[in-house]
Amino acid sequence: TFLPAILVLGACSTSAAGGAYYFTCPDAPLVQLSIIDISESGRDEKLIGERLDAVQADASGATYGYTDASEPTAGRSAVGLLCRMYMGWGRDRPGLGEGVAHLAGVGPTDDLYYDYYATQVMHHVGGEPWVGWNTAMKRLLLEAQSRSGHEAGSWREGVAGGIGGVKAGRLYCTSLATMILEVYYRHLPIYRPESVADDFRE
């Protein structure tokens, strides 16, 4: 059974022009996630850039914190790097290269939140980092996929690390695992001219 979730949008401004929203489910602690208010036309890129600068945890921009630059994690860094890529960082940016090397060193894990964002980063960068990541990620997901009973085809055991997997359960894990496996089709590579077919190289 899945617990009903209540999503409450908050209007909590911060000094970094950010905001917050909260979600909670019965018997689960309140979780706060950062968002950015980009409702004013023309301010979005500036606000996003300022927010990323505020949570950047090292000089080059390879690692990121959550609401500030303290306590960077692989998951937060993957999100930060992906945002930087969409905001115009080139493939040859030193911080991006260092961040990709860090994510490759961590590799796919049982935390699908991290895996989801790191997979997008690696997919966009391409080359050997992507080939190595994709091979390991597919192996992890295929081995963890349930194969019997009413759970056949879904995911939870082996990939329920992180707060999302623990609190949101099988639906959350299955949704993220599916989106990870669809990265070839859902996102055109930012830096690469080659066709999607090249993504399947191992």
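Author: The side chains of tryptophan 133 and threonine 119 are joined by a polar contact of 2.9 Å. A polar contact here is a pair of N or O atoms within 3.5 Å; within protein, one must be able to donate a hydrogen and the other to accept it, and residues adjacent in sequence count only if both atoms are side-chain atoms. The model is predicted: local features need pLDDT of at least 70, side-chain atom pairs count only at pLDDT 80 or more, and totals for chains, interfaces and linings use all residues. Residues are numbered from 1 along each chain as its sequence is written, and side-chain values use heavy atoms, with hydrogens and water left out.

Tryptophan 133 sits in helix 5. Helices (H or I, at least four residues) and strands (E, at least two) are DSSP runs, numbered from the N terminus. Tryptophan 133 counts as buried because its relative accessibility is 4%. Buried means under 20% relative accessible area, exposed over 50%, and partly exposed in between (1.4 Å probe, protein chains only).

Which residues does tryptophan 133 contact, leaving aside its neighbours within four places in sequence? They are Leu103, Gly107, Pro108, Tyr114, Asp115, Ala118, Thr119 and Met122. Contact means heavy atoms within 4.5 Å. Glycine 105 lies 28 residues from tryptophan 133 along the chain, and their C-alpha atoms are 9.8 Å apart.

Now leucine 103. With neighbours within four places set aside, leucine 103 contacts Ala74, Ala78, Leu81, Tyr114, Ala118, Val121, Met122 and Trp133. The largest nonpolar core has 32 residues, and Leu103, Leu112, Leu141 and Val159 touch the most other members. Helices 2 (74-86), 3 (94-106), 4 (112-125), 5 (127-144), 6 (162-181) and 7 (183-186) each give two or more residues to this core. Helix 4 supplies the largest share, seven residues. A nonpolar core is a set of buried Ala, Val, Leu, Ile, Met, Phe, Trp, Tyr and Cys residues joined through side-chain atoms within 4.5 Å. In soluble globular proteins, nonpolar side chains tend to be buried together.

Next, the charged pairs. The structure holds five salt bridges. A salt bridge is a side-chain nitrogen of Lys or Arg within 4 Å of a carboxyl oxygen of Asp or Glu. Arginine 170 bridges to glutamate 151, with the closest N and O atoms 3.3 Å apart. This pair links distant parts of the chain: arginine 170 is in helix 6, glutamate 151 is in the loop between helix 5 and helix 6, and they are 19 residues apart. Arginine 170 also meets glutamate 157 in a salt bridge, 3.0 Å from N to O. Glutamate 157 is in the loop between helix 5 and helix 6 and arginine 170 in helix 6, so the pair ties together parts 13 residues apart in sequence. Shared partners join Glu151, Glu157 and Arg170 into one salt-bridge network. Arginine 170 counts as buried, at 13% relative accessibility. Glutamate 151 is partly exposed at 28%, and glutamate 157 is partly exposed at 49%.

Lysine 46 pairs with glutamate 50, their closest N and O atoms 2.5 Å apart. Both residues lie in helix 1, four residues apart, about one turn of the helix. Lysine 46 is exposed at 55% relative accessibility, whereas glutamate 50 is partly exposed at 35%.

Helix 1 (residues 44-55) also contains arginine 51. Arginine 51 is buried yet has no salt bridge; aspartate 68, the nearest side chain of opposite charge, is 7.9 Å away. Lys and Arg count as positive and Asp and Glu as negative; His and the chain ends are not counted. The arginine 51 side chain does reach the backbone oxygen of threonine 67, at 3.3 Å. The buried residues of this helix are Leu47, Gly49, Arg51, Leu52 and Val55.

Last, the whole chain. The protein chain has seven helices and three strands. Along the sequence, the pattern runs β-β-β-α-α-α-α-α-α-α. Of its 202 residues, 38% are buried. Among contacts between residues at least 6 apart in sequence, 46% join residues at least 24 apart.
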